[in-house]
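Here's a quick tour of the fold, the charges and a few distances worth checking on screen. Have the viewer open while you read.

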Amino acid sequence: MMTPGRNSHDSPYFVRESATQYRPNLETGGSWNNQEQHIAPVVGLISHLILTDRDERHADSTLRMSRLSCDILGVIPIEPFDVELRVVRPGRTIELVEAILTHGGRPAVSARAWLTKEFDTEDIAGTTVPRIPSVDELPSWDMGDTWDGAFVETLDVRRQSSGPGVAQYWIRPQRPLLTGEPVSNTARLLSVADLANGSATLVSPDEVAFPNLDLTAHLYRVPVGEWLGFDTHVSIGPRGAGLTQSILHDAEGPIGTLAQTLTVRPRRD
């Protein structure tokens, strides 16, 4: 089959080729190298596969994703790849599930998710974390003005920044994640989580490369709505390491946190 056209708003980021193999659209192209996949939609796909597997194994389950942690082991060309799952720690109230993405037999992403049973804590629910301005209060921002790559051109972003390395913003994907399959809001919104590292830059990516080695999202509530909100701060240490930290939001308020470990490398001409 042909790769879906890059200009169609109906084109998914991925097409399922078999029980374990997936073909990426050209619009998954990354920002550090547009011949490689951006990790953001990959994270969304992995989340979808973990949650779909949960539903298939637990038809009446109330297990929800409380944490997703992804280690990025290598680059992923814009070519078909495989994802295989295994339950590391089975259970009816707590489960740990692992997903391994491979390309050409080489592991490229290792992910683990904690799934935890829902209980009624409505009477004590709350947070001291302040809300960020709503989508309608922030101006549109073209991420393509800062970053290359096809993936960033498929996004709707509203953003404000009070200085280098700090920003509040909302991101909405404008493509389906996967052809022909219902996708949960959790997986759809996690498909843009990795963009935090490029949305509040402390230094210009023309001067310094700062790709993230991992991504860990903690969620204490299932996200609602079309947009994922971020309150992001970036830090860089004196010896080539950095950290991007975000509070995650949806239309109803804060929902969790996000952290990304950075390897910081000055560019040389």
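Helices and strands here are DSSP runs, numbered from the N terminus: a helix is H or I with at least four residues, and a strand is E with at least two. By that count, the chain has three helices and 14 strands. Its radius of gyration (taken over C-alpha atoms) is 18 Å, close to the 18 Å that the globule rule (2.2 Å times the number of residues to the power 0.38) gives for 269 residues, so the chain is as compact as a globular protein of that length.

Before you dig in, keep in mind that this is a predicted model: local features need pLDDT of at least 70, side-chain atom pairs count only at pLDDT 80 or more, and totals for chains, interfaces and linings use all residues. Residues are numbered from 1 along each chain as its sequence is written, and side-chain values use heavy atoms, with hydrogens and water left out.

**Overall dimensions and burial**

- The C-alpha trace spans about 55 × 50 × 40 Å along its principal axes.
- Of the 269 residues, 49% count as buried. Buried means under 20% relative accessible area, exposed means over 50%, and partly exposed is in between (1.4 Å probe, protein chains only).

**Salt bridges**

- The whole structure has 13 salt bridges, each being a side-chain nitrogen of Lys or Arg within 4 Å of a carboxyl oxygen of Asp or Glu.
- R54 is buried, with a relative accessible area of 14%, whereas D55 is partly exposed at 40%.

**A bridge across the sequence, and its network**

- E226 and R172 form a salt bridge in which the closest N and O atoms are 2.8 Å apart. E226 lies in the loop between β10 (214-219) and β11 (228-236), and R172 in strand β8 (residues 166-173), so the pair ties together parts that are 54 residues apart in sequence.
- E226 is partly exposed, with a relative accessible area of 46%, and R172 also counts as partly exposed, at 22%.
- Which residues does the network include? Salt bridges that share partners join D156, R158, R172 and E226 into one network.

**A negative patch**

- D142, D145, D148, E153, D206 and E207 form a negative surface patch.
- Patch residues have over 30% relative accessible area and no salt bridge, with like charges joined within 9 Å and nonpolar side chains (Val, Leu, Ile, Met, Phe, Trp, Tyr) within 5 Å.
- Lys and Arg count as positive and Asp and Glu as negative, while His and the chain ends are not counted. The place of a charge is NZ of Lys, CZ of Arg, CG of Asp or CD of Glu, and accessible areas come from the Shrake-Rupley method with a 1.4 Å probe.
- To find one member, go to the loop between β6 (106-117) and β7 (155-163), where D142 lies. D142 is partly exposed because its relative accessibility is 39%.

- S69 sits in strand β3 (residues 63-72) and is buried, at 16% relative accessible area. Its C-alpha atom is separated by 5.7 Å from that of L215, 146 residues apart along the chain.
- E17 is in the loop between β1 (14-16) and β2 (21-24) and is partly exposed, at 35%. E17 and P80 are 63 residues apart in sequence and 8.3 Å apart in space, C-alpha to C-alpha.
- Q35 belongs to the loop between β2 and α1, and with a relative accessible area of 56% it is exposed.
- G165 lies in the loop between β7 and β8, yet counts as buried at 4% relative accessibility. From G165 to E27 it is 27 Å, C-alpha to C-alpha, and they are 138 residues apart in sequence.
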